[in-house]
Amino acid sequence: RMDEGTLRALENMFVGRAEVIVRRWLLPATLTTMQSPPFRLDGVDGRSAIIDAVLGLMPAEDGFLQPAPLIAGRFFQSDNAREVLLTASLAQVLGIKEEDVGRAQVLFQGHTLTVVGLLDDERFRSIQDINGRPILPIKDLIQPSIGWTKEEASRMSEEEMSEAGVFYADTSALLVMPIGTAKEFGATPYSISIRLADDAPIWP
């Protein structure tokens, strides 16, 4: 997890020298909470689904690591668009089909959002960040046997993390929305990827 001040400092440090991709997560509660109720996503026809996590992505995410694995529709057009992407498995639960994309709407925390695209679950799960890890939100961590709390485990290094049990959000319970819209719902920055231009120095 990253605070907003650190995020702004990193973005300012690399402005004009690198492509900076930020991802925000919204979880029902922090990793320090043992149990937390999931979110609810309602469709217009009375169907509903349980959401374990929200992933906020920038429009520039499409093509940064690889093209978004869309099976219908399009990616986000702006950071603050009132729209969402559903995985195919989540869309099936809500009864939303490919031909409904662009017209179907869902209700999340009292706000109506338009479904503009459907994602292939398997290919979306397989997207790896620059560090080789999935871009999916981390739903939970198994505490190591040395007595660390979940909060301490969430700050582990890459090597330590690889030795711990990491549970990523299931794509069938994941809602994807533009990063600015996710921020409005309370999502915080958890992941940032920086790709320097070929001729740019690491430090200014």
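Q: What volume does the largest cavity have?
A: The largest cavity has a volume of about 60 Å³. A cavity here is a set of points on a 1 Å grid over the protein atoms alone where a 1.4 Å probe fits but cannot get out. Points are joined across faces, edges and corners, and the volume is the space filled by probe spheres set on them. This is a predicted model, where local features need pLDDT of at least 70, side-chain atom pairs count only at pLDDT 80 or more, and totals for chains, interfaces and linings use all residues. Residues are numbered from 1 along each chain as its sequence is written, and side-chain values use heavy atoms, leaving out hydrogens and water.

Q: How many cavities of 30 Å³ or more are there?
A: The count is one.

Q: Which residues line the largest cavity?
A: The lining, meaning residues with an atom within 4 Å of a point, is L57, E61, D62, L65, Q66, P67, A68, P69, F75, F124, I127 and I135.

Q: And how do the residues of that lining divide?
A: Into nine nonpolar, one polar and two charged. Ala, Val, Leu, Ile, Met, Phe, Trp, Tyr, Cys and Pro count as nonpolar, Asp, Glu, Lys and Arg as charged, and the others, Gly among them, as polar.

Q: Switching to D129: buried or exposed?
A: D129 counts as buried because its relative accessible area is 11%; the cut-off is under 20%, with exposed over 50% and partly exposed in between, using a 1.4 Å probe and protein chains only.

Q: Where does D129 lie, and what does D129 touch?
A: D129 lies in the loop between α3 (121–125) and β9 (138–142). Helices (H or I, at least four residues) and strands (E, at least two) are DSSP runs numbered from the N terminus. Leaving aside residues up to four places away in sequence, D129 touches R23, L65, I135, S191 and S193, with contact meaning heavy atoms within 4.5 Å.

Q: Which members of the largest nonpolar core touch the most others?
A: L41, L86, F108, L175 and M177, out of 25 residues. Such a core is a set of buried Ala, Val, Leu, Ile, Met, Phe, Trp, Tyr and Cys residues joined through side-chain atoms within 4.5 Å. A second, separate core of 20 residues includes L55, F75, L119 and L136.

Q: What does the protein chain's pLDDT average?
A: The average is 85, and 81% of the residues score at least 70; pLDDT is the predictor's confidence in each residue, from 0 to 100. Over residues 157–163 the pLDDT is below 50. Where pLDDT is low, the predicted coordinates should not be read in detail.

Terms used:
On a 1 Å grid over the protein atoms alone, a cavity is a set of points where a 1.4 Å probe fits but cannot get out, and a pocket is an open set with protein on both sides within 12 Å along at least five of seven lines; lining residues have an atom within 4 Å of a point.
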